[in-house]
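Hi,

Here is the structure I said I would pass on. Have a look at it first, and then read my notes below.

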Amino acid sequence: MNRRVNKPSAAQLSRTNGGSTKKPSNKKSVNKSQSAWFSSSVSFSSLVSALPFNAWVDHHRFSCVDSLKRLLSTPWQSMMTWLVVAIALVLPALLYLAFDNIRPVSEQWQNDTQISLYIQPKAQLIAIEKLQQRLSELAEVDTVELITPAMAQQEFQQYSGLGNVLASLNNNPLPYVLTVQATASNNTPEQLTALQAQLQNEVLVETAQLDMNWLRRLQEIMHLAQRVVLSLALLLSVGVMLIIGNTIRLAIESRRNEIVVIKMVGGTDGFIKRPFLYTGFWYGIGGALLALPILFIAELWLSSPIQQLAFQYESEYTLSLIDLNVVALMVMLAGVLGWLGAWLSVSRHLKHIEPE
Amino acid sequence: MIRFDNVSKRYSEGHDALVNVNFELAAGEMAFLTGHSGAGKSTLLKLIMLIERSSRGQVLIGNRVLDQVTRSQIPYLRRQIGVVFQNPHLLFDRNVFDNVALPLQIAGMSTREQGRRVRAALERVGLLSKENDSPLALSGGEQQRVGIARAIVNKPAILLADEPTGNLDPALSADIMQLFQDLNSVGVTVLIATHDIALVEQMQRRVLTLDQGRMTSSDALAEGAYT
């Protein structure tokens with residue numbers, strides 16, 4: 001590479017010129033200090049002049065504000081894009097919300113899982129109480145509760161709707177039951193199964209029952225739901241990116257002339273891209289902000305039937321609103337998606353816009 | 001300052017725009033580039049701007065071989081070359097001042113320095129009073145002068161012009177030419193492509209003539225060379 005500096009001084013230049021030039025006759029345009037005009041000694045030797053950091057920050061700030069102003073100057077057009085983005089964001093957010101609400105319930109159910117020991121009908125109460133004492137001292141066991149046939153009958157009458165049938169029987173057919181609650185650290189399906197097997201071996205125990213299957217199924221369903229929400233979120237994120245990318249493509253097209261001029265006078269690709277990247281960013285942020293009220297309305301609308309449902313399951317259950325961290329994350333994520341969509345679009349289309 | 005060594009340019013569709021062009025323009029020189037439309041004038045200017053690259057031969061700008069300028073370096077090269085077109089390519093969404101300030105914004109100059117330079121450039125083209133106007137409010141000649149102000153605001157070493165007077169009547173054309181001459185007199189190397197032979201004759205400057213891509217004359221000023 002030829003890195004020789006070529007800096008003609010004003011004096012040299014006037015010498016080169018001297019022969020053929022006649023004095024300029026134009027009155028006003030003659031500069032008082034002619035040599036000052038050409039003071040920028042030109043060097044073609046170094047073609048990378050780093051932008052001063054301040055100027056770089058300034059242009060970011062300018063692009064950021066200017067792109068937002070441009071969007072707000074065509075409110076309806078921008079609103080359409082924001083709405084599309086908002087709808088694409090509300091869908092996975094709503095599913096996430098539903099998932100988030102179901103999860104603690106299922107965890108609670110899982111924590112409630114207990115092993116029911118149906119005691120031999122002929123066992124004596126004293127022996128049963130001794131067993132209860134012994135079992136509650138096991139390391140894996142948290143509590144052991146004794147349910148007498150009378151208590152069981154009462155509960156059964158209350159909740160099953162078969163109370164009258166039971167009452168019509170002469171004697172109580174229900175056995176003593178010990179309900180064993182494992183400690184929190186011994187609560188996995190595998191550990192519970194092992195504990196169940198151990199308890200089954202107790203002489204007094206007729207059956208040790210652990211209803212795991214539905215729990216396992218619930219777990220699988222939760223996993224599946226999680227994946228569905230995630231893949232939907234992923235797909236719609238790509239959708240948001242493409243929507244914004246396409247909108248940016250139109251913006252690029254409408255500013256083609258400006259891009260050509262900027263390229264002509266030495267604007268770098270970064271300089272040209274910047275306002276479009278910020279435009280994409282604002283499309284994302286605006287869409288997310290618009291998604292929030294939609295989400296809130298949906299939450300209100302859903303909360304009443306959910307509470308009704310919870311009531312049916314006798315749980316004190318209220319819908320938890322989407323929390324602020326998630327909101328902040330969603331807004332930022334939407335901004336990033338917009339930025340990425342714009343970046344893809346600009347990188348693709350900028351190459352085709354060259355001065356002619 | 002500008003040197004062409006056996007430069008040829010063939011477009012991908014097989015059209016030879018330039019064939020073995022040789023010439024050199026010294027720093028501070030002013031010259032006209034003439035020829036019929038389609039003779040290769042615009043192509044020659046595009047090679048200097050690196051809008052196009054030569055197929056064969058070498059173009060040197062200020063001792064720098066343009067073949068070695070990478071794509072990412074092109075903007076920095078263009079910052080040192082002012083260019084004026086038949087259509088001044090002004091941006092109508094901003095006023096005259098901001099149009100002229102664009103190259104300085106791109107270079108990252110401070111706002112204060114921008115103001116100083118823009119006003120100096122506008123004063124030079126005689127439009128200082130119109131800095132706040134929209135370009136739409138200006139006449140064709142004034143628009144062209146804003147275009148020139150934008151081309152020189154960065155104080156480029158080289159000023160290229162492609163049919164700068166193509167849309168203007170003779171009186172305005174003479175004005176514009178005078179402006180180029182003034183710029184040249186303060187050291188800017190000027191190359192003007194035009195087919196306005198009458199104007200070229202008045203100016204008494206060196207003339208480079210292209211005919212179907214070949215340079216038929218590149219002599220330093222010789223009286224009557226273009227009659």
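Predicted model: local features only at pLDDT ≥ 70, side-chain atom pairs only at ≥ 80, totals over all residues.

Chain A has an open sheet of 4 strands, in the order E2-E3-E1-E4, with antiparallel pairing. Strand E2 (141-147) and strand E4 (205-209) of chain A each have a single partner strand, so one side of each has no neighbour in the sheet. On average, neighbouring strands are turned by 20° against each other, ignoring direction.

Helix H5 (residues 125-136) of chain A packs on it and touches E1, E2, strand E3 (177-182) and E4 of chain A. The direction of H5 makes about 165° with that of E2(A). Helix H8 (residues 189-200) of chain A lies across E1, E2, E3 and E4 of chain A, and runs at about 175° to E4(A).

Now for the charged pairs. Side chains of opposite charge can pair when their charged atoms come close. Over all chains, the count comes to 20 salt bridges.

One of them joins the side chains of A:Glu354 and A:Lys263, at 3.1 Å from N to O. A:Glu354 is in the segment after helix H12 (324-350) of chain A, while A:Lys263 belongs to helix H10 (residues 256-264) of chain A, so the pair ties together parts that are 91 residues apart in sequence. A:Glu354 is partly exposed, at 30% relative accessibility, whereas A:Lys263 is buried, at 4%.

In chain B, the side chains of B:Asp16 and B:Arg10 meet in a salt bridge at 2.9 Å, N to O. B:Asp16 is partly exposed, with 34% relative accessibility.

Another chain B pair is B:Glu163 with B:Lys41, at 3.9 Å from N to O. B:Glu163 lies in the loop between strand E7 (158-162) and helix H6 (170-185) of chain B, and B:Lys41 in helix H1 (residues 41-49) of chain B, so this bridge ties together parts that are 122 residues apart in sequence. B:Glu163 counts as buried at 10% relative accessibility, and B:Lys41 counts as buried at 6%.

Last, there is a network of salt bridges that links A:Asp66, A:Arg70, A:Arg255, A:Glu258, B:Asp93 and B:Arg94.

Cheers

Terms used:
Residues numbered from 1 in each chain as written. Chains lettered and ligands numbered in written order. Heavy atoms only, no water. Pairing = 2+ DSSP bridges. Helix = DSSP H or I, 4+ residues; strand = E, 2+ residues; numbered from the N terminus. Axes fitted to C-alpha atoms, helices over the stretch in contact; angles between N-to-C directions. Contact = heavy atoms within 4.5 Å. Salt bridge = Lys/Arg side-chain N within 4 Å of Asp/Glu carboxyl O. Buried < 20%, exposed > 50% of the residue type's maximum accessible area, 1.4 Å probe, protein only.
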